[in-house]
Amino acid sequence: MRFPDGSRSRRSALRTGLWTTAAGVTVVAILGVLVAYGVVWPNRILAAEHDVRGVDVSHYQGEIDWDVLAAQDLDFAWIKATEGAAHTDPRFAESWAAATTTDLLVGAYHFMSFESSGADQAANLVAEVPATPGTLPPVIDLEFYGPYFEDRPTPDEVHTILDPLVAGIEEYYGVAPIIYATGDAYDLYLADRYPDLPIWIRSVAWAPRLPDGRPWTLWQYSNRDRLPGYDGVEPYIDMNVFAGTREELEALTLD
């Protein structure tokens with residue numbers, strides 16, 4: 001079948017446009033899969049500007065060979081210890097004992113609950129985590145969970161819990177805790193508050209910039225890395241960087 005020259009040109013342009021669109025959609029889809037599986041992670045390029053890096057782990061990483069993990073060009077590790085007023089991570093004691101025999105700087109973190117008092121949560125952490133000289137300051141993990149993703153506590157409700165939790169940690173360990181927060185939690189509860197507490201910000205899509213202009217101390221840049229040395233239900237491990245040198249991180253440790 002013969003077509004007028006103009007019609008043929010339009011059909012050719014249409015086919016080219018369709019192929020270009022299809023190719024673009026395919027590239028985006030492949031990139032999305034690679035990001036989802038942690039093969040491609042844009043933040044790794046930005047995080048590579050920082051020399052001091054480390055992990056945070058919980059029982060979801062399962063049994064950890066700390067000698068193997070520590071050999072992955074890591075400087076520090078924070079281990080989940082407690083949650084709320086009564087829960088203890090089932091692998092904390094094992095991981096703490098093994099991690100502190102490596103060259104890593106090691107600390108513990110507490111997942112803050114919106115359902116129990118700050119004083120009770122501080123007591124839970126103190127009961128499980130020793131104030132060992134040379135270990136990193138405890139971390140308070142402040143983020144939304146369960147129904148609180150939709151029904152967020154008010155700032156006053158959170159500060160009523162957070163203030164005595166911070167005070168209890170400072171009293172027992174002799175150092176200010178670090179606060180880990182997602183961007184939303186930071187904006188709602190921490191912006192322009194707690195100026196003396198180091199901030200560990202989660203930002204896995206782009207480099208962090210805190211809305212009040214405050215500098216971050218630690219940055220969780222990826223939750224999709226895989227490293228040798230652990231075997232748990234969670235195949236990925238969180239990766240983080242410190243804003244300064246290893247010597248500056250060491251200076252934060254308990255006396």
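Six salt bridges are found across the whole structure, a salt bridge being a side-chain nitrogen of Lys or Arg within 4 Å of a carboxyl oxygen of Asp or Glu. The model is predicted: local features need pLDDT of at least 70, side-chain atom pairs count only at pLDDT 80 or more, and totals for chains, interfaces and linings use all residues. Residues are numbered from 1 along each chain as its sequence is written, and side-chain values use heavy atoms, with hydrogens and water left out.

E83 pairs with K80, the closest N and O atoms lying 2.6 Å apart. K80 is buried at 8% relative accessibility; E83 is partly exposed at 29%. Here buried means under 20% relative accessible area, exposed over 50%, and partly exposed in between (1.4 Å probe, protein chains only).

E94 and R91 form a salt bridge at 3.2 Å, N to O. E94 is partly exposed at 40%, and R91 is partly exposed at 26%.

The E250–R246 salt bridge spans 3.3 Å, N to O. Both residues lie in helix 8 (residues 246-250), four residues apart, about one turn of the helix. Helices are DSSP runs (H or I, at least four residues), numbered from the N terminus. E250 is partly exposed at 34%, as is R246 at 21%. Salt bridges with shared partners join D75, R246 and E250 into one network.

The lining of the largest cavity comprises eight nonpolar residues, one polar and no charged. Ala, Val, Leu, Ile, Met, Phe, Trp, Tyr, Cys and Pro count as nonpolar, Asp, Glu, Lys and Arg as charged, and the others, Gly among them, as polar. A cavity is a set of points on a 1 Å grid over the protein atoms alone where a 1.4 Å probe fits but cannot get out; lining residues have an atom within 4 Å of a point.

Terms used
Helix = DSSP H or I, 4+ residues; strand = E, 2+ residues; numbered from the N terminus.
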